[in-house]
Amino acid sequence: MLERKKGFIKKIKNKMDAERFKHTAGVVESAIKLAEDKAVCVNKVEKAAFLHDIAKNKTLEEMQKLIIESEWKVDKLEMSIPAVLHAPAGAVIAEKEFGVNDKEILSAIRYHTLGHPDMCLTALIIFAADFIEPHRNFPCVEKIREIIFEDFTRGIIEICSSMVQHQLETAKIIHPNTVMLRNRFLLY
Ligand SMILES: [Fe+2]
Ligand SMILES: [Fe+2]
């Protein structure tokens, strides 16, 4: 392994607990498989996957501060859902502390929790990999793992549907970005 890559992974490992790094490594594994399947740049996808949860250990106040001081636009609804704020905050950290300036990598980190109708293929791969990585074990995950490799469009629809359904069942906010992403693929 190249020294630079080793240093990059070590820096990420130092910023998260063992459980989070295990999940991150799972996302990297699934993202690489999807990138190979879709003929997308593996290096780009791997970097985005390693960085996608980089802000997860931050407090709500720290995440809000990072976002407010950045140029990323985060709507009021997102600001009211602490569990999703680590995504835009992660894009800020990737840019500031890891020197990432690739728009597709930054956008993949930024939108990995809720999705977004304008996501590029790299971002869609991170969104899907985060959902299906090998350590996830919720009821529909096995079915979605199969679908996403058979039919990527259907896989993304299934992921969005599952997210919306979970929010309905737990009486939580459904962010329109997830619904619009689902609509984009339904109309595809
Ligand atoms: Fe995340
Ligand atoms: Fe994640």
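Reader: Which residues does isoleucine 156 touch, not counting residues up to four places away in sequence?
Author: In this predicted model, isoleucine 156 touches Leu124, Phe127, Ala128, Ile148, Leu181 and Phe185; contact here means heavy atoms within 4.5 Å. Local features need pLDDT of at least 70 and side-chain atom pairs count only at pLDDT 80 or more, while totals for chains, interfaces and linings use all residues. Residues are numbered from 1 along each chain as its sequence is written, chains are lettered from A and ligands numbered from 1 in the order written, and side-chain values use heavy atoms, without hydrogens or water.

Reader: Which members of the largest nonpolar core touch the most other members?
Author: Ile12, Leu51 and Ile156 do, out of 56 residues. Helix α8 (residues 121–132) gives the largest share of this core, nine residues. A nonpolar core is a set of buried Ala, Val, Leu, Ile, Met, Phe, Trp, Tyr and Cys residues joined through side-chain atoms within 4.5 Å. Buried means under 20% relative accessible area, exposed over 50%, and partly exposed in between, with a 1.4 Å probe and protein chains only.

Reader: What makes the arrangement around the iron ion (ligand 2) irregular?
Author: Let's begin with the donors, that is, N, O and S atoms within 2.8 Å of the metal (3.2 Å for Na, K and Ca); water is not among the atoms, so sites may look incomplete. His23 (NE2), His52 (NE2), Asp53 (OD) and Asp130 (OD) qualify, at 2.1 to 2.3 Å from the iron ion (ligand 2). The angles here run from 84 to 175°, which makes the arrangement irregular.

Reader: Which residue bridges the two iron ions, and how far apart do they lie?
Author: Aspartate 53 is the bridge, and the ions lie 3.4 Å apart. The iron ion (ligand 1) has Asp53 (OD), His86 (NE2) and His112 (NE2) as protein donors, 2.1 to 2.2 Å away. Histidine 86 lies in helix α6 (residues 82–98) and histidine 112 in the loop between α7 (103–110) and α8, so the pair ties together parts 26 residues apart in sequence. Histidine 86 and histidine 112 are buried, and so are histidine 52 and aspartate 53.

Reader: How many helices and strands are in the chain?
Author: The chain has 11 helices and zero strands, where helices (H or I, at least four residues) and strands (E, at least two) are DSSP runs numbered from the N terminus.

Methods. Tetrahedral: all angles 85-135°; square planar, octahedral: opposite > 155°, others 65-115°.
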